[in-house]
Amino acid sequence: IVEHTFSVSTLSLPRVCQPGNVTVTAVNGRVPGPEIEAREGDTLVVHVINDSPYNVTVHWHGVFQRGTPWADGPAMVTQCPIRAGHRYTYRFAVAGQEGTLWWHAHSSFMRSTVHGALVIRPRRGAGAGDGYPFRTPDEEKTVLLGEWWNGDTVVLENQAFSTGKTMRNADAYTINGMPGDLYGCPEMTNIRIAKFEVSRDKTYLLRIINAALNTAFFFKVAGHTFTVVAADASYTEPYETDVVVIAPGQTVDALMAADASPGCYYMAISSYQSANPSPPFNGNTSTAVVEYIDAAAATSDPSRSPVFPTLPEPNDTFTAHQFYTSLTALVRPSRLTVPLAVDTRMFVTVGLGFSFCQPTQTQCTSNQTVVATMNNVSFTFPTTVSMLEAQYRNTPDGVYTRDFPDQPPVVFDYTNTSLPQALSSTGSPSTKVKTLRYNATVEMVLQNTALVGRESHPMHLHGFNFFVLAQGFGNYDDGDAAGEEKLNLVNPQERNTIAVPTGGWAVIRFVADNPGMWAMHCHIDAHLRIGLGMVFEVESGPTPETALPPPPPDFPQC
Ligand code: C2O
């Protein structure tokens, strides 16, 4: 049993490039919050004590939560929030998965500062060395990528969306909570930059997590290359690259050999395909430093400034696609194989569109607002009771409906930007689920629409990993004879978050073998907030062990 207490409270931290401090919400007084280390098969017990003025929930991003749907965490999907002054204990096992995951607040934009790593190592005695299916690293280092606002993100979010606007851009990107030294404010005296000390000829396992709210990143370390060995806590065939591409919600485990000439090297991140690429303070690059210790003193010239890597352009879709499509699963005897028979097929458009009528308006005007939709349905969270409680008590009326469509209402050229009406929201924001029989195999084609802005949408599924069978650009053409042949049914990577390509599509498949309410949504919070999500309701199985369990006794009430 791995036990933690998370005390959620306010914390004062220095602004970036501006004088003074800002008040944010944090766990145990730190941003990022505490790292949880566990071994496969462990049970985690995390007591969350909410001493902040806001509602909070914590989501264990990527954890399967088999038999523990009440511990998943998304506010109003699996639980009511933990109110100010209240507490809730999350209990769940981390079984059948190894690698890097993370935890984050799942209520409002609070996750900008309420997040941390969740590392699952192989069981003790799981094999030679540490039980990794790759060369045991000399050391491991967590690299948490984030976004920083000089403000309270809960307040900023509410101000922005209550006036029908969208959240302003982050003020800086961060590596392990620090912006680095490229945010151009020479008067800034308290430069905070993360430092990674390495020794020559040692190998490091970098556990890279993109905890940013709204931005996908390119990640590089000058003078060094990586061997990717896992993504989203699923082992991959070793993949050599000098750049890592990572969308919000995703993780990448990469080995990095300290084999450069001793000295200092920049680690740097820059935005990929963001609608808002540049934070206001001089560019879009956050830095950290990789510094060679010991040998360095003898051979390096201390006056030499660190070497900077060449980062791809913000719209370098080629590099992103190359990275994403080069990852395949490491085939091991214990690994799940792709289910070949599909029970439920869905074709789901994901993207932004226009709403011609505000949900609060009784009379529609011609004012267009941007909404985000899946199959033209814009999702809204219920407000009185969580969806999982409604499922458990069989009282969905007034909470959700079971009519999430399997197809978009219109089929046409999704990459054509001149047809706005056809992909607008077909109604007011609503809470629709797709109900799945226990153990159903689901195949989803996710089609990105290029209606408003060209962005990649990182679609995250709660409760399950899915196999990524194919991805490409343009319209997915199911009628194409090559369709099935395009699918990798042999060694597709498993993920919990797929970056649906800009102006493209992805095909995923998963087995719904865990009863409960499992959200699927864009991990860009600005898009989730305007409706880019839906929920799968997985029915109970035939036996007592496969039935939806009752809520724990301390379950929060709305
Ligand atoms: Cu990491 Cu529903 O999110």
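## Helix H3 and its buried side

In H3, three residues are buried: Ala320, Phe323 and Tyr324. They span an arc of only 95° around the axis, so they sit on the same side of H3. An α-helix has 3.6 residues a turn, so residues three or four places apart point the same way. This is a predicted model.

What do the buried residues of H3 pack against? Their partners are E15, strand E16 (244–246), strand E18 (264–272), strand E25 (466–473) and strand E27 (497–500). H3 lies across E16 and E18. Its direction is about 90° to that of E16.

## The chain as a whole

The protein chain has 558 residues, and buried residues make up 49% of them. Its secondary structure comes to five helices and 30 strands. Take the contacts between residues at least 6 apart in sequence: 79% of them join residues at least 24 apart.

The protein chain is divided into two parts. Domain 1 covers 2–62 + 97–326, and domain 2 covers 344–546. How many residues does each domain bring to the contact? Domain 1 brings 23 residues and domain 2 brings 21 residues.

On the side of domain 1 that touches domain 2, the elements giving two or more residues are strand E15 (234–241) and helix H3 (317–326). H3 gives the most, with four residues. By type, the residues on this side of domain 1 are ten nonpolar, twelve polar and one charged.

## The sheet under H3

E16 and E18, which H3 lies across, belong to an open sheet of five strands. The order is E11-E19-E18-E13-E16, and the pairing is mixed. Which strands form the edges? They are strand E11 (194–198) and E16, and each pairs on one side only. From one strand to the next, the twist averages 25°.

Strand E13 (residues 216–221) pairs with E16 in the antiparallel sense, over three bridges. Here Phe219 has Val244 in E16 as its bridge partner.

## A four-strand sheet

Another open sheet has four strands in the order E2-E1-E4-E6. Its pairing is mixed. Strand E2 (21–27) and strand E6 (87–93) are the edge strands, each pairing on one side only. Direction ignored, neighbouring strands of this sheet are turned by 20° against each other on average.

Strand E1 (residues 2–14) and E2 run antiparallel and are joined by seven bridges. The bridge partner of Leu13 is Val22 in E2. Strands of a sheet pair through backbone hydrogen bonds, either parallel or antiparallel.

## Strand E7, covered along its length

Is strand E7 (residues 99–105) mostly covered or mostly exposed? Mostly covered: seven of its seven residues are buried.

E7 has antiparallel partners. Strand E5 (residues 58–61) is joined to E7 by four bridges, and the two run antiparallel. Trp60 stands opposite Trp103 in E7. Strand E8 (residues 115–121) also runs antiparallel to E7, with six bridges between them. In that pairing, the bridge partner of Gly99 is Ile120 in E8.

Asp253 is found in strand E17 (residues 251–257). Why does Asp253 count as buried? Because 28 other C-beta atoms lie within 10 Å of its own, and 20 or more is the cut-off for a buried residue.

Leaving aside neighbours within four places in sequence, Asp253 is in contact with Gly99, Thr100, Leu205, Arg207, Val229 and Ala230. Tyr235 is 18 residues from Asp253 along the chain, and their C-alpha atoms are separated by 8.7 Å.

Cys558 is placed in the segment after strand E30 (533–538). It is partly exposed, with 15 other C-beta atoms within 10 Å.

What does Cys558 contact, leaving aside its neighbours within four places in sequence? Its contacts are Cys80, Thr384 and Val385. Gln79 and Cys558 are 479 residues apart along the chain, yet their C-alpha atoms are separated by 8.5 Å.

Note on methods
Residues numbered from 1 in each chain as written. Predicted model: local features only at pLDDT ≥ 70, side-chain atom pairs only at ≥ 80, totals over all residues. Domains from an automatic or database assignment. Contact = placed C-beta atoms within 7 Å. Nonpolar A, V, L, I, M, F, W, Y, C, P; charged D, E, K, R; others polar. Pairing = 2+ DSSP bridges. Axes fitted to C-alpha atoms, helices over the stretch in contact; angles between N-to-C directions. Buried ≥ 20, exposed ≤ 12 C-beta atoms within 10 Å, placed from the backbone. Arc of directions from axis to C-beta.
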